[in-house]
4 protein chains.
Amino acid sequence: MNAFGKLFKLNIFGESHGTSVGIVIDGCPSGLPLKQSDFEADFSRRKSGAKGTTPRQEPDTPRIMSGLFNDRCTGAPLMILFENTNTRSGDYSQLKDTPRPGHADFTAHQKFGGYQDFRGGGHFSGRLTLGLVAAGVIAKKMIAPTTLSSSILEVGGSSDIEAALDRAIENKDSIGGIIECTIASVPAGLGEPFFDSLEAVLSHMIFSIPAIKGIEFGAGFRAAKMTGSEHNDNIVSSDGSTETNHAGGINGGISNGNEICFRVAVKPTSSTHQTQRTINLRSDQMEDLTIEGRHDTCIALRVPVVVEAAAAIVMADLMLQAQKVKRIF
Amino acid sequence: MNAFGKLFKLNIFGESHGTSVGIVIDGCPSGLPLKQSDFEADFSRRKSGAKGTTPRQEPDTPRIMSGLFNDRCTGAPLMILFENTNTRSGDYSQLKDTPRPGHADFTAHQKFGGYQDFRGGGHFSGRLTLGLVAAGVIAKKMIAPTTLSSSILEVGGSSDIEAALDRAIENKDSIGGIIECTIASVPAGLGEPFFDSLEAVLSHMIFSIPAIKGIEFGAGFRAAKMTGSEHNDNIVSSDGSTETNHAGGINGGISNGNEICFRVAVKPTSSTHQTQRTINLRSDQMEDLTIEGRHDTCIALRVPVVVEAAAAIVMADLMLQAQKVKRIF
Amino acid sequence: MNAFGKLFKLNIFGESHGTSVGIVIDGCPSGLPLKQSDFEADFSRRKSGAKGTTPRQEPDTPRIMSGLFNDRCTGAPLMILFENTNTRSGDYSQLKDTPRPGHADFTAHQKFGGYQDFRGGGHFSGRLTLGLVAAGVIAKKMIAPTTLSSSILEVGGSSDIEAALDRAIENKDSIGGIIECTIASVPAGLGEPFFDSLEAVLSHMIFSIPAIKGIEFGAGFRAAKMTGSEHNDNIVSSDGSTETNHAGGINGGISNGNEICFRVAVKPTSSTHQTQRTINLRSDQMEDLTIEGRHDTCIALRVPVVVEAAAAIVMADLMLQAQKVKRIF
Amino acid sequence: MNAFGKLFKLNIFGESHGTSVGIVIDGCPSGLPLKQSDFEADFSRRKSGAKGTTPRQEPDTPRIMSGLFNDRCTGAPLMILFENTNTRSGDYSQLKDTPRPGHADFTAHQKFGGYQDFRGGGHFSGRLTLGLVAAGVIAKKMIAPTTLSSSILEVGGSSDIEAALDRAIENKDSIGGIIECTIASVPAGLGEPFFDSLEAVLSHMIFSIPAIKGIEFGAGFRAAKMTGSEHNDNIVSSDGSTETNHAGGINGGISNGNEICFRVAVKPTSSTHQTQRTINLRSDQMEDLTIEGRHDTCIALRVPVVVEAAAAIVMADLMLQAQKVKRIF
């Protein structure tokens, strides 16, 4: 199932080399102002073309096909479509027999019995995150004055990001990275004691983003090495402000009003120009595999805005549930 | 909302110092054999009493109130009830005014407007994980021959667990830990490309467990420091077996048939015998707070079976969706 | 699945001759006052004992096991339990081989592979509607000043209800009836254009009540015989009041602020003292079947309060979604 | 929310006079053969142009934008788009002030605060049922050999349909009708005891179709006038076949293997050429309203294929849940 959310609800569709990718966004408050140019800033942060990213470029023009009237959300579902234009009609049929290590080739084959659209990653492509970023733009409008920001802490194990990229490009290999996201001006009381804790819902959404392999809130894995008296955040004001923020703004699964803070691990892009070994499903023999084509050296560079959007989407849904976002703007 | 799952569906209820805690489990296949003694092994792994755990002990007897007939699941919902017997009628009213650092006292107050049952953590208590472990026992039966195991990698930052516990007890402080869980004999093809990736659904459930602040799959945060050619797992057989398992058994959000492997960070118990500082909500002044009572020095010791149950629950739900578990046994 | 609702969420469990029946109610606003005696009035309307109803009587005492503290809802799930006391340990094993016409015996056997608890209707028993009525009591408190009422229009095809009952008792047969429910002081704007129209959600819930076989809103089936100019309700005020109410208070699936009005058809109880014919599944021969025991001559007499509760539950859920019910009372 | 289904899941979007209407269909088994021409037969049954239907005609060409590859469903969501071409740029602004009796004008205004797209019914338009019919085509392929059929029993209160239409056209008024739908070769065991009874889920979906105001299963409202011994269907074979079918193929909310049979009441189209009275929201005075434009005299004529599609969608979802439809074709 390709759906997320309770009151702010997303459905994502499309394939990398099909006609289009897109998203249906249900639960936008009626009256919320929205125009095409609202998407530009976040879309440009996601765009490729800079050092370390793929040279494939798409115009990424959002076509708002429904749910908008006179530049305002109507309350009916928004459908936003992105046509695919810059697809190369290369030969992907090889992938059916020799699944690429680290990719979804083998798992998609198992899940869908060989009927998946395997061209360019198909429905698994990072291109589908365009819809997430679009939904994030809308979510951010809904939740104001709550704001989000995200940044890259390190790539390839180094905080000197420029140098790490140069090294990876020289080695014709790909690298991963760590991204931090913070959410400020959060109302206290979001999240549920069981099953829908704030960490649970945020992580559910964040792990929908391709290439994410870890998440930690506040002190996270470092918390496991601390004592309780070190880790506990002393409460210094009746608004819930704490001296430190080891909890990452969440206690008992519920926002405490301090900044929410989490970090995610992005694995290196599976596509690398290095030769790899895989099985040929037809011959049942292992063979060398070299992946041609246009790829991101470090996909992590393009992920911050996607993580931010994902978190904004969760906040919009939870704030609707808590009646902190109006139904009619 | 206190519900989880699509086809194997849980609803959890109860409070630490109320009459009882319990769970409703819907979607158990009819005909699945079940008797009270099936719960014993996992319940004893969760029990307190050992070094580093609270001396509060409950009989933890599961009363199966519905959905069972002649020692088989009927297909109607199971309701399993655990009565609370060993509750101390202590004075918890202090907590209303002076929220304990690191606890849900402040957030619960914000969310529920002061109407929450604050005695012993109320609905936020770790005691509610009894229901999870019960559901896990049933899930494990459903998904056989898929099996799970979990273990403690370290507590208080040390893999010498005995020594770390002794030190914490001496310091009258609490400590956290890291737990690893693996799932073996997993069918390939579980999980969805978007929103319900296997990592997404597992992490959603795992973060429902109190005190969890991080999760990573396979190489996890270490993956962020690797190159693609290091991280990619070469496929060595047409059954999808890989040489290494940096992906933790999951590619593109979908199980690849290799062992699923993830690690979680458990923060130190918030309750510590050290004196802490917090705000008095009535006087709006900070004051010293000393927490009396029975507490776990290292709650992480009791968490492995809960993590295992949580993961088994997810597997049962996904395997039902993939028609890998029968509706009638 | 035995669940209903989005923000006001029910899970029902139990069997007629098991230990108990009950319900978990999630999404009650914290602070909502609630005490055991609140249930009495509606429970007594559902009770048997009057002419035309079964002599089996249960105390129907609601045990509120969780989610209540100091006579107020805490915001955590309420679990309400009803113990079964007056069960006769009769021999129901005959039912396994000779499914009763009109009952769920055959269908339960097909669905659950023979593992269902077949004693007294098991999980299919009308006794489970106790939980619905309990949830209805809470829902009514939440939605005030919106109010509901329901009444019997006819039984056995006659509006002289007393006479119809006497005739049925004399004939040792059962009879059905038609019930009308109205909802007053409804906010306009509840319901969704597609899939969750107000009629859709109300009918979903109403058809959960055993023995209901039809529902119609406003003019209903009579509307199919009218012309548009007869059927359309002229709008006479800017608050949406209409001259007539053929639409039953719903246009385009959404409440228009007028009284919501619907009628339901209750079939005659399947249990009748008349001899019937059925198949013996073991011998594959048809045979005579005579049903002994205590039964309702006209279950419709006990249904109005259940229909009313069901409708109140839907209103509570939709009014929460529309932010017309507070999260904290 | 504009979504339906658990494992076969629909999301509908679009407006009558916007760019397009469409649907996202998730949960189609991979490998299911599908091509554009598969839709033609059912689409032509829904088309207008015949006597008693509106002269507005659209090409209704389904553009399958995703989820299809080499004429087979991939397992990823199908998005099917229908562009609007034949929209008249008439002046609908009058509707904002003078809500049409029987339409959703007033309720949409209340729900969406005046931001709804009011042109041609907007998101409430019957044009959105195109997506339902498309999903029905796919559902029917999934559930074979289960088959559906539907027919008009009467329009305007008469079974002489031709004559009733002539009369209505002459009177410049609209008329309603009654439609019967049957489902044959149904596996026994579909539906759930509580909340998701087969009647509950079918009626939920059916009431999503605009203009439906009543539904009854089997003997339906007539059952309320019968005795138990008349109504009960004697079981004549161990496959569950019954002598009569007053239950409409459903006992205890669960299919019994006999034909499922239900009838729905379709109200007369609200648009009629007769002059009506309504309030002017701006002046707060009542005034005469005459509706111009192209309308259906009897929308019921076009509804059978929509009802059939709706029922097929429910069957597909329930049969997936019961593992009676394969995940991979």
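Putting chain C and chain B together buries about 3,300 Å², and carbon and sulfur atoms give 66% of that. On the chain C side, M1(C), F69(C) and Y115(C) lose the most area to chain B, together 22% of what that side buries. Bear in mind that this is a predicted model. The contact draws on 42 residues from chain C and 42 residues from chain B.

What about polar pairing here? There are zero salt bridges between chain C and chain B, but nine residue pairs are in polar contact across this interface, both partners being at pLDDT 80 or more. Several elements of chain C each supply at least two residues to the side that touches chain B, including β3 (20–26), β7 (78–83) and α3 (105–112). β2(C) gives the most, with five residues. Sorted by class, that side of chain C has 18 nonpolar, 16 polar and eight charged residues.

## Where chains A and B meet

Now for the other partner of chain B. Chain A and chain B bury about 7,700 Å² between them, 62% of it on carbon and sulfur atoms. In chain A, the residues that lose the most area to chain B are F194(A), F195(A) and K213(A), together 13% of what that side buries. Each chain brings its own set to the contact: 98 residues from chain A and 98 residues from chain B.

This interface does have salt bridges, six of them by the rule. One pairs E192(A) with K111(B), with the closest N and O atoms 3.5 Å apart. Strand β10 (residues 212–217) of chain A gives the largest share of the side that touches chain B, six residues. By class, that side of chain A has 42 nonpolar, 39 polar and 17 charged residues.

## A few salt bridges up close

Side chains of opposite charge can pair when their charged atoms come close. Over all chains, the whole structure has 92 salt bridges. In one of them, the side chains of E199(B) and K213(A) meet at 2.9 Å, N to O. That pair crosses between chains, running from helix α6 (residues 198–206) of chain B to strand β10 of chain A. Are the two partners buried or exposed? E199(B) and K213(A) are both buried.

Chain C has a salt bridge between R46(C) and D60(C), at 3.9 Å from N to O. Its partners sit 14 residues apart, R46(C) in helix α1 (residues 40–46) and D60(C) in the loop between α1 and β4 of chain C. Both R46(C) and D60(C) are buried.

## Helix α8 of chain D

Helix α8 of chain D covers residues 304–321, 18 residues in total, and reaches 26 Å from its first C-alpha to its last, close to the 26 Å expected at 1.5 Å a residue. How many of its residues are buried? For α8(D), that's 18 of 18. After the helix comes Q323(D), whose phi is positive, near 60°.

E308(D) forms a salt bridge with K140(D), 2.7 Å from N to O. The pair links distant parts of the chain, with E308(D) in helix α8 and K140(D) in helix α4 (residues 129–143), 168 residues apart. E308(D) counts as buried because its relative accessibility is 4%, and the cut-off for buried is under 20%. Over in chain A, D42(A), R45(A), K140(A) and E308(A) are linked in a network of salt bridges.

Methods:
Residues numbered from 1 in each chain as written. Chains lettered and ligands numbered in written order. Predicted model: local features only at pLDDT ≥ 70, side-chain atom pairs only at ≥ 80, totals over all residues. Heavy atoms only, no water. Helix = DSSP H or I, 4+ residues; strand = E, 2+ residues; numbered from the N terminus. Expected span 1.5 Å × (residues − 1). Buried < 20%, exposed > 50% of the residue type's maximum accessible area, 1.4 Å probe, protein only. Contact = heavy atoms within 4.5 Å. Buried area = accessible area lost by both parts, 1.4 Å probe. Salt bridge = Lys/Arg side-chain N within 4 Å of Asp/Glu carboxyl O. Nonpolar A, V, L, I, M, F, W, Y, C, P; charged D, E, K, R; others polar. Polar contact = N/O pair within 3.5 Å; in protein donor to acceptor, adjacent residues only side chain to side chain.
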